[in-house]
Amino acid sequence: MDIGEIEEIKSSDFHTVVDIIYESKLIDEQLLDLENAIVSIKHKLDRNKAKIFVKKQNGIPIAFLVLHYKVNVLSAIKYNWHISYLYVKPEFRRKHIAKEIMMKCIDYARRTKVDHISLNTDIENYPAHQLYESFGFNRMNFISNYYYYEIKMNP
């Protein structure tokens, strides 16, 4: 079993993660058309408004994280990152893969000198709460069955 390092997916390699995005069911088809959502992610990746980090086994994605560019409402020249999706295939969970991807994401955010990273997670996703809080994310708000978390990057 050859499990590789966390890679950043470039726009030209987006096709390699489409299957796992479908498989993840992270995009609620009742709220968004899945095809349009995937086209939107690709479009943002093309414009450098999104980043995708992936972990592969034998060249096949087993986990991914999507970061989206988020305008900082307090500054016209600053921006932040929002973690839109984090998914690990069920058979690879509890192997610290989500933690590895989060470390890569946080390192990237620090290098890009953003103020903070934000994310939303289901109020009943207790393993996710533990993961995010272990990195120092603070629960800020409750938004319709989701918690909103933030972590400051460059205090």
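## Ser24 and its helix

S24 lies in helix α1, residues 18-24; helices (H or I, at least four residues) and strands (E, at least two) are DSSP runs numbered from the N terminus. The model is predicted: local features need pLDDT of at least 70 and side-chain atom pairs pLDDT 80 or more, while totals for chains, interfaces and linings use all residues. Residues are numbered from 1 along each chain as its sequence is written, and side-chain values use heavy atoms, without hydrogens or water.

Beyond neighbours within four places in sequence, S24 is in contact (heavy atoms within 4.5 Å) with F64 and Y87.

## Nonpolar cores

A nonpolar core is a set of buried Ala, Val, Leu, Ile, Met, Phe, Trp, Tyr and Cys residues joined through side-chain atoms within 4.5 Å. The largest has 30 residues, of which L65, I83, I117 and F137 touch the most other members. The largest share, eight residues, comes from α3. Apart from this core lies another, of 16 residues, including V18, I21, I52 and V66.

## Helix α3

The 15 residues of α3 reach 21 Å from first C-alpha to last, close to the 21 Å expected (1.5 Å times one less than the number of residues). Buried in α3 are I97, A98, I101, M102, C105, I106, Y108 and A109. Just after α3, K113 takes a positive phi of about 55 degrees.

Note on methods. Buried < 20%, exposed > 50% of the residue type's maximum accessible area, 1.4 Å probe, protein only.
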